[in-house]
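Here is a short briefing for a first look at this model. Keep the sequence and the 3D view side by side as you read.

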Amino acid sequence: MAQIDNYDWLNLIPSGWIEIGRTMIEECEAIYPEWEICDLKEKWGQLRCYDNGVPSTLREQVDEILDKYEKISGQTCNICGAPATKLSSGWILPFCDDCAAERPNMVFKSINNGN
Ligand SMILES: [Zn+2]
């Protein structure tokens, strides 16, 4: 089976998160060059990444990176990458004010990033 390049997964995620995903891949590959994504997707308004495993000595370090970008994505507009101020209802995704304003038919609630 042909190997899917880690960066090919970026084509499958919301456009506003592509730079987040790219940085996440760079950090994981820096720790473990053989690092391979087995699934990268949006879930509950955050970017979730699953890999094909890493040496046990690196697991904690890699998980910290994945957790970090999961949180960052939840605070980043999925359309344009600006800091998110709102979450859509129903299918939960983060939006900035501008992208939310362009979607009058969607229902949003404000989020507090708590940083
Ligand atoms: Zn936006």
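## Sheet and helix pair

In S5, Ser 110 is the bridge partner of Lys 86. This is a predicted model, where local features need pLDDT of at least 70, side-chain atom pairs count only at pLDDT 80 or more, and totals for chains, interfaces and linings use all residues. Residues are numbered from 1 along each chain as its sequence is written. Helices (H or I, at least four residues) and strands (E, at least two) are DSSP runs, numbered from the N terminus.

**The sheet**
- Three strands form an open sheet in the order S4-S3-S5, with antiparallel pairing.
- Strands S4 (94-95) and S5 (108-110) stand at the edges with a single partner strand each, so one side of each is left without a neighbour in the sheet.
- Strand S3 (residues 86-88) pairs with S5 over three bridges; pairing requires at least two bridges found by DSSP.

**Helix H2**
- The 19 residues of H2 (residues 56-74) should span 27 Å at 1.5 Å a residue, and the end C-alpha atoms are 28 Å apart, which agrees. The expected span is 1.5 Å times one less than the number of residues.
- Tyr 69, Ser 73 and Gly 74 are the buried residues of H2 (20 or more other C-beta atoms within 10 Å of their own, with C-beta atoms placed from the backbone).
- These buried residues pack against helix H1 (18-31), strand S2 (46-51) and S4 (contact means C-beta atoms, placed from the backbone, within 7 Å).

**H1 against H2**
- The axes of H1 and H2 come within 10 Å and cross at roughly 170°. That makes H1 roughly antiparallel to H2 (angles over 145 degrees).

Methods:
Buried ≥ 20, exposed ≤ 12 C-beta atoms within 10 Å, placed from the backbone. Contact = placed C-beta atoms within 7 Å. Axes fitted to C-alpha atoms, helices over the stretch in contact; angles between N-to-C directions. Parallel < 35°, antiparallel > 145°, perpendicular 65-115°, else oblique.
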